[in-house]
Amino acid sequence: MRWLENGLVDALGSLGFPAVRRDTPKGASSLAGVWTPDHRKVASIGMRIRRGVTSHGFALNVDPDMAAFHRFTACGLADVTMVSLAELAVEQRRETPSDAEVRDAVFGALTAGS
């Protein structure tokens, strides 16, 4: 889980988007995922164990319709604001990275050192 979080943090950093992973305080709801430094969530990570097999996955918000995220409680966390790279790019007054640029950055970060 941490490997995936750290890889996504590195990928976003290489694209010029500062990102962090957060530790979950004992007894609190999980903060797994990737966050902006001001604690908006840009990527969700899931894990499942079934019959002894572990599956992981992630959703990195590049440019989805973010209105959908305002209709439900994201990740079971009432105070979480979801954000996309497109929204962050507007804040930075720059272009949104293409899907290919994001894919290549994630691939590079997750395979670095392999």
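**Exercise 1. How many bridges join β1 to β2, and which way do the two strands run?**

Before we start, some ground rules. This is a predicted model, where local features need pLDDT of at least 70, side-chain atom pairs count only at pLDDT 80 or more, and totals for chains, interfaces and linings use all residues. Residues are numbered from 1 along each chain as its sequence is written, and side-chain values use heavy atoms, with hydrogens and water left out.

Solution. 
- Step 1: strands here are DSSP runs of E with at least two residues, helices are runs of H or I with at least four, and both are numbered from the N terminus.
- Step 2: β1 and β2 are joined by 2 bridges and run antiparallel. Two strands count as paired if DSSP finds at least two bridges between them.
- Step 3: look across from Val34 and you land on Ala43 in β2.
- Step 4: zoom out, and 3 strands make an open sheet, ordered β1-β2-β3 with antiparallel pairing. β1 and β3 sit at the edges with a single partner strand each, so one side of each has no neighbour in the sheet.

**Exercise 2. Find the largest nonpolar core and say which residues have the most contacts inside it.**

Solution. 
- Step 1: A nonpolar core is a set of buried Ala, Val, Leu, Ile, Met, Phe, Trp, Tyr and Cys residues joined through side-chain atoms within 4.5 Å. Buried means under 20% relative accessible area, exposed means over 50%, and partly exposed is in between (1.4 Å probe, protein chains only).
- Step 2: the largest core has 23 residues, and Leu12, Val34, Val42, Leu60 and Leu85 have the most contacts inside it.
- Step 3: α1, β2, α2 and α3 are the elements that give two or more residues to this core.
- Step 4: take Leu12 and skip its neighbours within four places in sequence; its contacts (heavy atoms within 4.5 Å) are then Phe17, Ala19, Val34, Val42, Leu60 and Leu85.
- Step 5: another core lies apart from the largest one, with 5 residues, including Leu31, Trp35, Met66 and Val80.

As background, nonpolar side chains in soluble globular proteins tend to be buried together.

**Exercise 3. Count the salt bridges in the whole structure, then work through a few.**

Solution. 
- Step 1: the criterion is a side-chain nitrogen of Lys or Arg within 4 Å of a carboxyl oxygen of Asp or Glu. The search turns up 6.
- Step 2: Glu5 bridges to Arg2, with the closest N and O atoms 2.5 Å apart. The two are 3 residues apart in helix α1 (residues 2-14), so about one helical turn separates them. Glu5 is buried at 0% relative accessible area, while Arg2 is partly exposed at 37%.
- Step 3: a network of salt bridges links Arg2, Glu5, Arg21 and Asp23.
- Step 4: Arg40 pairs with Glu91 at 2.7 Å between the closest N and O atoms. This pair ties together distant parts of the chain, 51 residues apart: Arg40 is in the loop between β1 (34-35) and β2, and Glu91 is in helix α2. Arg40 counts as buried at 18%, and Glu91 as partly exposed at 47%.

**Exercise 4. Where do Arg51 and Arg93 lie, and is each buried or exposed?**

Solution. 
- Step 1: Arg51 is in the loop between β2 (41-50) and β3 (53-60), and is exposed at 76%.
- Step 2: Arg93 is in the loop between α2 (85-91) and α3 (99-111), and is exposed at 81%.
- Step 3: check phi. For Arg51 it is near 55°, a positive value in a residue other than glycine; for Arg93 it is near 55° too, again positive in a non-glycine residue.
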